[in-house]
Amino acid sequence: MDVVLDNLPAFLRGTRTTAELTVLSFLFALVLGTVVAGFRVSPVPPLRWLGTVYVEVFRNTPLLVLMFLFAFGFTKIGIQYPFFTSAIIVLSVYTGAFVAETVRAGINTVATGQAEAARALGLTFLQLLFLVVLPQAFRSVVAPLGSVFIALIKNSALAATIAVSDLTFLTIQLTNSTSRPVAVFLGSAFFYMLLALPSGWAVGWLERKLAVRR
Amino acid sequence: MRRHRWAAAVLAAMALVAVACSSSSKDTPTVAGNGGQTNTTVAGNAKPTFAAGTTMAKLQAAGKITVGVKYDQPGFGQRNPTTNQIEGFDVEIAKLIAAGIFGGTAADAASKVTFTEAQSANREPFIQNGTVDMVIATYTINDTRKQIVDFAGPYFIAHQDIMVKASDNSIKSVTDLNGKKVCSVTGSTSATNVKAKAPQVDLTLFGTYSDCAAALGDGRVVAVTTDAPILGGLVSTSNGQFKLVKAPFTDEPYGIGLKKGDDAFRSFVNDRLEAIYKSGEWASAFSATLGKIGLDTPTPPPVDRYTAGATATSTTVAASTTSTTR
Amino acid sequence: MTAPFIADALGPRGKRRVLLASVVAGGLLAAMVVVAFLRLLHKGQFSDHLIAPLRQWSVQRFLLLGMVNTVKAALVAMVLAMAVGAFLALGRLSRTAPVRWLAGFYVEIFRAMPLILLMFFCALGLPKVGIHLTPFRSVVVALVAYNGAVLGEIFRAGILSLDRGQSEAASALGLTYWQSMGRVIVPQAARRMIPAIVSQLVTLLKDTSLGTVVNYDELLRRSRDTGTFYGNTLQVLTEAAVIYIIVNFTLSRIARRLEVRQRRKYKAGAITVTGVEDLAVVGAHAEAAIA
């Protein structure tokens, strides 16, 4: 275990980068996913089509393929960002597809009576979506979104393949330079759990706070 | 009835696992037969005998050698999708050394070589872990690396050069790069070297040389600098858009990475290198691979039979492992 | 295609608004497609020396054999992971506390670790302690370790989703714990879990692409090698993405149809798998909730 303690600064740096990647990507994915979910339930056919294509493409393509495509393929057409930014863009767009599905499921849980009442009151689609449906959908969407967040912590590790110095990247470096790989690996597991467990608890707390008391 | 279906499913699953696990050795592409790359001017060697306990004896007994090469470096190590073979100068050197262990011509020995991709950052770990028996992958010899691995050779001295647009005649040497926008790769020795030779250079750093080539095509930079062979590869795939300035500066000795401390093996490889220098096989291998992308065949460099110092092991992250040096 | 949220018919003003929005949205989309197309054209990405290699059968064959390797690793990992998952599920439901803790500990560790790190560990860490795995085995071991944990949770959720009455009735009839498990609980739970298992297979197919980083010779690896050889990275990776999309989309549809059929035939609902943070599971949930 001294291996881990000797290299604590490296581990902490990596954990911090992983946390940054996760949080930033999650925020963008939330916005993107909610918008796309809105597209998928809207009465405008081209938007519905766009939303469906987006979700199906990004749910069925491996994240690593997307990462390489964006970081190494798009440079051929002049689109090139620093690796950290590229990682965030790819992670956001990928996770956004899953957020969209989750939010859409949440929208479905809101009783249709709500939508009908809103329509009866003369609200437009956008008004009813943002003022009536989404706030109520939010409650049932918290737990799955928490899962998405924790899954994102793990997916952020793929940024290591495009040279972002996150926890996985530093773990690999450390594994290569020591003779105690198992200790390093367990140390890394510890730090990943350090990120995942509190997130799980936070989500559980949030869920309980938002529980509907009937 | 249902129970029989479950049992059948379980049996099928186990059979599947068994078949898949047993045929897993077909994953890595091996070099089969003569890829038409070398003209051996020497008749095949007889199978040599080695002292018991040496690496050469063990490899000969095992009947195969695993070599780490690059899969994406034109001229040195590239995987050809149409044939699923690895082609390149490093590959040919590996085959020639294998011929020294297993006897016969390089083409015969080729079937005994298992190639695996050794990306820059993996070269030392693969040697240390024994994942490969040797690394021939545009591996520049330097003292930092000598603390972790041993080098046989060098088998080639690369020189850093400059690549510009075919129509550009304004850049004739490295000092002309002062004040100009030049591209290289993050953390490479090329970037450090050009800064040393042309301190006022305006350096743009990308992740790969093909990205630099794209920037050159755009006009975002006016030159790309790295080892001449790599540039040669970029020039050959540029469809006539680029050209090499042919004003080399710096020396990059490419060596064969071996496990630290295995002096007998290193000696053997050095002997073998000298043999293929003399026999002309080195030159044929060069013209068949690097020669095809426009490099003139040089005289082979003398091997450096240094005496290794004490082995250094560390349990903390070595400072230089983050750089993508070749 | 998804159904519009507002089920009632729109009046004339609503219809006009939707038409306007459709035209605007459609126009913007078309414009974006044209811009992208022109950009690609301008950068020479449609030029023959980049596309022609892909028209050769030998190159396509090279890529498809990569897909075969992907499927091979995924299937083997699936079978082994199901075995591991079954053990873990039974372990977590065990009445012996230490067994429960051990299984729980395993699940907790592997739930939090990224799969790619597991693969790296197998390829770079294990050799240092003397265990040399081929790339195929590194990929499979990592996939099994991780997905075993996920499937374990799925199995556990499946078993727990059964009505308590089943196990109570079984013990009332005098069956022992193992007999009731084997003859009553597991067969019923297994039926419910099939859609989730097929979804997990889709995940496995996607996760095999991570094998690239440990030199496993699958589709993504071969696509990259082709791209660096011909310089057509953008085109090849796009083709690889399309192949993945087609395969995974088809499998997902099969999973969904199985789910629907199951619901109708056995009146079994979708199982809620808690505590498994895997995007595929979340996605499958969401779909089940919508359907």
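**View 1. Pro154(B) sits in a strand of chain B.** Pro154(B) belongs to strand β7 of chain B, residues 149-165. Here, helices (H or I, at least four residues) and strands (E, at least two) are DSSP runs, numbered from the N terminus. A cis peptide bond links Gly153(B) to Pro154(B). Its omega is about 15°. This is a predicted model: local features need pLDDT of at least 70, side-chain atom pairs count only at pLDDT 80 or more, and totals for chains, interfaces and linings use all residues. Residues are numbered from 1 along each chain as its sequence is written, while chains are lettered from A and ligands numbered from 1 in the order in which they are written.

**View 2. Thr250(B) has a positive phi.** The phi of Thr250(B) is near 70°. That is a positive value in a residue other than glycine. Thr250(B) is part of strand β12 of chain B, residues 249-259. It counts as partly exposed because 19 other C-beta atoms lie within 10 Å. The scale works like this: a residue is buried if 20 or more other C-beta atoms lie within 10 Å of its own, exposed if 12 or fewer, and partly exposed in between, with C-beta atoms placed from the backbone.

**View 3. Asn215(C) has a positive phi in a loop.** Asn215(C) is not a glycine, yet its phi is positive, at about 65°. Look for Asn215(C) in the loop between α8 and α9 (219-230) of chain C. Asn215(C) is buried, because 24 other C-beta atoms lie within 10 Å.

View 4. Domain 1 of chain B covers 55-157 + 253-322, and domain 2 covers 158-250. Domain bounds come from an automatic or database domain assignment. The C-alpha centres of these two domains of chain B are 26 Å apart. Domain 1 of chain B gives 13 residues to the contact, and domain 2 of chain B gives 13 residues. Two residues are in contact if their C-beta atoms, placed from the backbone, lie within 7 Å. On the side of domain 1 of chain B that touches domain 2, eight residues are nonpolar, five are polar and none is charged. Ala, Val, Leu, Ile, Met, Phe, Trp, Tyr, Cys and Pro count as nonpolar, Asp, Glu, Lys and Arg as charged, and the others, Gly among them, as polar.

**View 5. Helices α3 and α8 of chain C pack together.** Two packed helices are described by the angle between their axes and the distance between the axes. Helix α3(C) spans residues 57-92, and helix α8(C) spans residues 177-207. They pack at about 135°, with axes 9 Å apart. Axes are lines fitted to C-alpha atoms, for helices over the stretch in contact, and angles run from 0 to 180 degrees between N-to-C directions. The angle therefore makes α3(C) oblique to α8(C). Angles under 35 degrees count as roughly parallel, over 145 as roughly antiparallel, 65 to 115 as roughly perpendicular and the rest as oblique. Which residues of α3(C) make the contact? They are Thr70(C), Ala74(C), Ala77(C) and Met78(C). From α8(C) come Leu201(C), Leu204(C) and Leu205(C). Six residues of this contact are nonpolar, one is polar and none is charged.

**View 6. Helices α2 and α8 of chain A pack together.** The axes of α2(A) and α8(A) come within 7 Å. They cross at roughly 150°. The two helices, α2(A) and α8(A), are therefore roughly antiparallel to each other. The α2(A) side consists of Ala10(A), Phe11(A), Arg13(A), Gly14(A), Thr15(A) and Thr18(A). The α8(A) side consists of Leu167(A), Phe169(A), Leu170(A), Thr171(A) and Leu174(A). This contact of α2(A) with α8(A) has six nonpolar, four polar and one charged residues.

View 7. Chain A has nine helices and zero strands. Its C-alpha atoms fill a box of roughly 70 × 50 × 20 Å along the principal axes. Of the 214 residues in chain A, 53% are buried. The contact with chain C takes 61 residues from chain A and 57 residues from chain C. Which element gives the largest share of the chain A side? It is α3(A), with 10 residues. By class, the chain A side has 34 nonpolar, 17 polar and 10 charged residues.
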